[in-house]
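This report describes one protein chain for a reader who is new to structures. Look at the sequence and the model first, then read on.

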Amino acid sequence: LSEVAKRRAIKEWVENSGRNPWDTVRAVPRVLQEKVAALLRMDENVWGEENREHPQPYALLDAAERWARRCETRRQVAIRQQQEEGELVPHIAALRRVAASDGVNVRHHFPAVLTKRQRARLHDEAEDLMLAHASEGAGRQRCLVVWRSA
């Protein structure tokens, strides 16, 4: 679940629990007990500055507010894409080294920490460089392997 969804669920659970407040606090994991106690006290800004939840649902916004929210979302997506591109620079360089190598059996294993989207981008780049490529493993152990084929 997203952080926003978790926060909403906790807030709703606290508001609808109808139990003894201290039983409610003890019923959640220790790391959340302080937040639940603050919700029970009806403190303001319980989640602090990290709470980026929009104050109003999108459906309730007027046209100008919707446009502004879409612009902000696009800006955040562009920032994430730039960060991902920057993270891929050394991996793309490794692909180019494999493509430029003389050996047919030169293989390069990329780390398993790459995201699904990053692996897909590297698969595309391998295609453009006419390299053979495959993903191996499953789950968190999944990684990309590229090699020159004859």
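## The nonpolar core

The largest nonpolar core has twelve residues: L88, I92, A94, L95, V98, F110, L114, L122, A126, L131, L144 and V146. Such a core is a set of buried Ala, Val, Leu, Ile, Met, Phe, Trp, Tyr and Cys residues joined through side-chain atoms within 4.5 Å. Buried means under 20% relative accessible area, exposed over 50%, and partly exposed in between (1.4 Å probe, protein chains only).

Two or more core residues come from each of α4 (63-100), α5 (116-128) and β3 (143-147). Helix α4 gives the largest share, five residues. Helices (H or I, at least four residues) and strands (E, at least two) are DSSP runs, numbered from the N terminus. Leaving aside residues up to four places away in sequence, L114 touches H91, R119 and L122, where contact means heavy atoms within 4.5 Å.

## The strand pair

Strand β2 (residues 132-136) pairs with β3 in the antiparallel sense over five bridges; pairing requires at least two DSSP bridges between two strands. E136 stands opposite C143 in β3. The hairpin of β2 and β3 has six residues between the strands, and G137 takes a positive phi near 90° there.

## Cysteines

C143 is buried, at 14% relative accessible area, while C71 is partly exposed, at 28%. The count of disulfides is zero, a disulfide being a pair of cysteine sulfur atoms within 2.5 Å.

## About the model

This is a predicted model: local features need pLDDT of at least 70, side-chain atom pairs count only at pLDDT 80 or more, and totals for chains, interfaces and linings use all residues. Residues are numbered from 1 along each chain as its sequence is written, and side-chain values use heavy atoms, with hydrogens and water left out.
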